[in-house]
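Please look through the sequence and the structure shown below, and keep both at hand while reading the report that follows.

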There are 2 protein chains.
Amino acid sequence: MKKVLVTYALHKESIAELYEKYDVFMPHDKDMKREQVLEMIPDYEVLIPNFSFYTDAEIMDKGVKLEIISNYGVGYNNIDVDYATKKGIVVTNIPKTTCEPTAELAFALLLAAGRRIGYYDRRLREHKAVDWGVYGDAGMPIFGKTLGIIGMGRIGQALARRAVASGMSIIYNNRNRLAKDIEERYGAKYVSFDELLCTADYISLNAPSTPETLKMIGENELSKMKPKAVFINTARGNMVDEKALARALKEEKIWAAGLDVYENEPKISPELLVLDNVVLAPHAGTKTVEDRHKMAEEMVHNIIGFYEGKYEVSRVN
Amino acid sequence: MKKVLVTYALHKESIAELYEKYDVFMPHDKDMKREQVLEMIPDYEVLIPNFSFYTDAEIMDKGVKLEIISNYGVGYNNIDVDYATKKGIVVTNIPKTTCEPTAELAFALLLAAGRRIGYYDRRLREHKAVDWGVYGDAGMPIFGKTLGIIGMGRIGQALARRAVASGMSIIYNNRNRLAKDIEERYGAKYVSFDELLCTADYISLNAPSTPETLKMIGENELSKMKPKAVFINTARGNMVDEKALARALKEEKIWAAGLDVYENEPKISPELLVLDNVVLAPHAGTKTVEDRHKMAEEMVHNIIGFYEGKYEVSRVN
């Protein structure tokens, strides 16, 4: 019987199928410490690391029996995939169940940043002046504006679908240009990265975190954005120079931002926490109980599919 | 030359066409006091009252020359339309330019309330504990849920369009059932008011404020909603019993609310201001500078259309 190590506490019923088939160890409540994982890993064929657990060469070297690392997320920058490939360890991710909730949160942040939902809510609660008049404390329209999507994969497209129905035009940049029928579905225009930065009213980062996309949005890129631009990041914090973003927001070089991810989670740059023109969420892209259950199921199916061929497996190597 | 009285300060350029054709009085910055309006109104053929200025029998009796009251909003509960009709005064509103921004804000509040955008933003800024883990502080999905729209006019339909693209199913209640092709466009199912309350996951109020809709959502209606229901109001505050709503939220009889309008604006019930499961906006349904300009243009066109037939006039009586 294969042995499965889960480094964090999931609801047991959401991985019931794993318990039926394999010998599973999962902590009751808290995430496992790295030392504990290193100690136990030599006996396990399957590792299920949390997205905040860095699965590197050391873990894989100790995990002499490791056959599959089943990631509980679509982004897998928490795993040294190249090293896994070298060791012959399969890495899987969960692109299906993470897509809609993440696009949903990206759009929630976009609307909140543009229409100043966080700002209004805070000011009203703090009994600070809010202008109820015609023009004061006005927000930015979404309808009629251009959304630039950086990374037009599943999530980018799910975001585009929402944006089009809300009256936005779509431009996008992607490693590869999309097929014509997909472009037509969203009326999406493929543009260079530079053109996207210069012409979009709203810019959403939906690309994967890779060595190539590290700090892809820094001072230079921010300086190209329109003064009224709104920037949304629900991808990964290390793709953005957080200090440069905070400066651009403070100096009103861009209009607003909506952020779900940060360079040093769960820490957020203190500069961001005091700005009125940013809306902040705690890496909550897929944070609903229903979605987290669906994600667990997809993650479990990757493992069972790998061993039994019963389900499709989303391999990343 | 017709004389036009504007009771509040709009940007002059947004009503430039009025200045060209008529003799316009508009205050420089602040709203006019009621006494001042009463004093001046006998000389004016046209009145443009702000949505917070109650245009009642007294105003109309003094306004012996009044021919048209051109409202700067789609809702016109600030005007005694029955009395205007009796006096032969035409009342107009602006349904076109207010539709998309209001639906946009309703959807922003829906997403924010469901996915807890206001709560997250506040907690992170206040350095209070936020659970970054798998299940803690989780929100409610929007995708796959049922949206119940009360009042399926222009705004309700513009909201439905956004919701459908975000994976929601639509049920609605309306004075009159919509034509089949409109229902089909949104896959919208007509249901009784009671069925809507009992079965919707999200409920949005988009009906006009009339004597019939006064306090249409009170303790009884709230008690019929699902314990996980999210309630959105961007219509008018007097359609909801605000104290009953605050109680239902506090006692978690419903899950959350997103509110843009209140019973005694700009005052908000203090009970609401301390609740974590509500998102509050300051009657900002159309609050963007661009939209407010477009609204001014539509409002002006109602007047010019009335006198010159050059534009379509949106009369409410």
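A:His127 sits in the loop of chain A that runs between helix H6 (117-125) and strand S6 (146-150), where helices (H or I, at least four residues) and strands (E, at least two) are DSSP runs, numbered from the N terminus. The model is a predicted one, in which local features need pLDDT of at least 70 and side-chain atom pairs count only at pLDDT 80 or more, whereas totals for chains, interfaces and linings use all residues. Residues are numbered from 1 along each chain as its sequence is written, while chains are lettered from A and ligands numbered from 1 in the order in which they are written.

Most residues other than glycine have a negative phi, and most peptide bonds are trans. A:His127, although it is not a glycine, has a positive phi of about 55°, and this residue counts as exposed, with 10 C-beta neighbours inside 10 Å. With 14 other C-beta atoms within 10 Å, A:Lys215 is partly exposed; a residue is buried if 20 or more other C-beta atoms lie within 10 Å of its own, exposed if 12 or fewer, and partly exposed in between, with C-beta atoms placed from the backbone.

## Cis peptide bonds

The peptide bond that joins A:Glu265 and A:Pro266 is cis, with omega about 0°, and A:Pro266 has its place in the loop between strand S11 (256-259) and helix H12 (270-273) of chain A. In chain B, a cis peptide bond with omega about 0° joins B:Glu265 and B:Pro266, and B:Pro266 is found in the loop between strand S11 (256-259) and helix H12 (270-273) of that chain.

## The fold of chain A

Chain A contains 13 helices and twelve strands. Its radius of gyration is 21 Å, close to the 20 Å that the globule rule gives for 317 residues, so chain A is as compact as a globular protein of that length; the radius is taken over C-alpha atoms, and the rule is 2.2 Å times the number of residues to the power 0.38. Along its principal axes, the C-alpha trace of chain A spans about 70 × 50 × 35 Å.

Of the 317 residues of chain A, 52% count as buried. Two residues are in contact if their C-beta atoms, placed from the backbone, lie within 7 Å, and among contacts in chain A between residues at least 6 apart in sequence, 61% join residues at least 24 apart.

## A sheet in chain B

Strands of a sheet pair through backbone hydrogen bonds, either parallel or antiparallel. In chain B, seven strands with parallel pairing form an open sheet in the order S8-S7-S6-S9-S10-S11-S12, where two strands pair if DSSP finds at least two bridges between them. Strand S8 (189-190) and S12 of chain B stand at the edges with a single partner strand each, so one side of each is left without a neighbour in the sheet.

Strand S6 (residues 146-150) of chain B runs parallel to strand S9 (residues 202-205) of chain B and is joined to it by four bridges. The bridge partner of B:Leu147 in S9(B) is B:Tyr202.

## How the two chains meet

In the interface, 51 residues of chain B are in contact with 51 residues of chain A. H5(B) supplies nine residues, the largest share of the side of chain B that touches chain A. The residues of that side divide into 32 nonpolar, six polar and 13 charged, where Ala, Val, Leu, Ile, Met, Phe, Trp, Tyr, Cys and Pro count as nonpolar, Asp, Glu, Lys and Arg as charged, and the others, Gly among them, as polar.

A rotation of 180° with 0.0 Å of shift along its axis superposes chain B on chain A, with an RMSD of 0.0 Å; the two copies are thus related as by a two-fold rotation axis. Copies are superposed by least squares on the C-alpha atoms of residues with pLDDT of at least 70 in both. B:Gly118 comes closest to the rotation axis of the residues of chain B, at 2.7 Å (C-alpha).
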